[in-house]
Amino acid sequence: MVLDNLGSSLKDALKKLANSSKIDKEVIDDVVKDIQRALIQADVNVKLVMKLSNQIKNRALTEAPPAGMNSKEHVLRIVYTELVNIVGKATPIKLEPQTIMMVGLQGSGKTTTTAKLARYFARKGLKPAVICADTYRPGAYDQLSQLCTKLGVTFYGERDNKDAVSIVRNGLKEIAKYDIKIVDTAGRHALETDLIQEMKDIYGLTDFDHKFLVLDAAIGQQASEQAKTFNEAIGITGVVITKLDGTAKGGGALSAVSDTNTSIAFIGVGETPEDLERFDPDGFISRLLGMGDLKALVEKANEVLTKDDVNLDRMMTGKFTLNDMYSQLEAINKMGPLKQIMSMLPLGGLGGNITDDMYKVTQDKLKGYKIIMDSMTGEEKEDPKLIGSSRISRISRGSGKTPDEVRELLKYHKMMQKAVKGMKGGPGKMNMQKLMKQMKF
Ligand SMILES: Nc1nc2c(ncn2[C@@H]2O[C@H](COP(=O)(O)OP(=O)(O)OP(=O)(O)O)[C@@H](O)[C@H]2O)c(=O)[nH]1
């Protein structure tokens, strides 16, 4: 999961708060210290951590809880909202024709993100085209052109031309009729003055609507210095944090965003073109705390699934039969790796942890489940509570599976049902009581 360690240390700090018998200065100081430690370990810079701690302390000690909220819930809410504040608001993205320039350090994930963005806009009904202006990395041209071919996105590049500025000039004319024009530039370091100059020259060619800085989540403290240089040169309009699937850090990138007064536009959560998500501060923090990010899940579901695949409305009502579970697992398989999807579910509703077993629902398992379910009556599928030990034996005989396999299916259904129940409030609706309940306070 995204920033796993930070999430669990923050969760521990909040649990401490929830378990203390009274809320006073001592408890708040103690909890704030734990939060500081967790953030610093995740590479968030000290200045930002201090700002956050002071805000939490000031507000917790001076603000009175609003009506209907006790002081514990009140402090939890303050911590939550201040955490949301440090990640900032998401960069607004308009779904209209625009020109985007991608910049960043070598290997940060620019090229991959360029393709992901083209796909993102294509999915929203806009026609994208990309220009490869990376004339330094030998493989960049082929990488981007192959990704574009796979995605059916128009690609412009000049393999033998080393002059990135002229490529972009020609490319912009060539793809003028497209809605979304994305320019992928070479990776560069803040100290490479000639490359910084090249970036400024490309920037000067047209009125870019967005200049996205792509930052690897694992970049650490040097992120701020890099971001400042890029920002001074061309004025960054948004940041894309990549590889959030693979690191326990990410704080360096958050600090860079805060230091340059920019905001996060997207996050990269995997290597394939679909692994790009619109940044959502609430969702990001709730996912960090193991609350699950329902908004992201629903957005992803809407994008990938057809209506028949999964009935989200029905899921939100809390009714969740074996048939629902089956179509949901099928749908999840369509959406991408289960582990990633599971990180979007409210983990708290599953007791705080998704066991590894839950990630192992592969196509094979699904086939097995289908065979078992085919031996159940319609009534049993609608109401699995009816299935006691004699019915388990019958289903086992009928399906050729062992009774343990039948029990496993029922256990899995129960876990999924619990998770879905946690989603009942609907996407985006979060309150402290729900947070505390889901975190088992
Ligand atoms: N796990 C994971 N890998 C990613 C993500 N984004 C990019 N990558 C991988 O990171 C590596 C570098 O990505 P590129 O897109 O080639 O990086 P680049 O910034 O264009 O590289 P330069 O052209 O050298 O500047 C590749 O192996 C990508 O597959 C992500 O969100 N998650």
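Modeller: Helices here are DSSP runs of H or I with at least four residues, numbered from the N terminus. Please keep in mind that this is a predicted model.

Biologist: Which helix gives the most to the shell around the ligand?

Modeller: That is helix α5, residues 110–123, which contributes 3 residues to the shell.

Biologist: And which residues come nearest to the ligand?

Modeller: Of the 21 residues around the ligand, the nearest are Gly109, Thr111, Thr112, Gly187 and Gly268.

Biologist: How do the residues of that shell divide into nonpolar, polar and charged?

Modeller: The shell has 12 polar, 7 charged and 2 nonpolar residues.

Biologist: A change of topic: what is the phi of Lys243?

Modeller: The phi of Lys243 is near 60°, a positive value, and the residue is not a glycine. Most residues other than glycine have a negative phi. Lys243 sits in the loop between β6 (238–242) and α10 (251–259).

Biologist: Is Lys243 buried or exposed?

Modeller: Lys243 counts as buried because it has 24 C-beta neighbours inside 10 Å, and the cut-off for buried is 20 or more.

Biologist: What about Asn261, then: where is it, and is it buried or exposed?

Modeller: Asn261 lies in the loop between α10 and β7 (264–268). Its phi is also positive, about 60°. Asn261 counts as exposed because it has 9 C-beta neighbours inside 10 Å.

Biologist: Finally, how many helices and strands are there in the protein?

Modeller: The protein has 21 helices and 8 strands. Of its 441 residues, 43% are buried.

Conventions. Residues numbered from 1 in each chain as written. Predicted model: local features only at pLDDT ≥ 70, side-chain atom pairs only at ≥ 80, totals over all residues. Near = placed C-beta within 6 Å. Helix = DSSP H or I, 4+ residues; strand = E, 2+ residues; numbered from the N terminus. Nonpolar A, V, L, I, M, F, W, Y, C, P; charged D, E, K, R; others polar. Buried ≥ 20, exposed ≤ 12 C-beta atoms within 10 Å, placed from the backbone.
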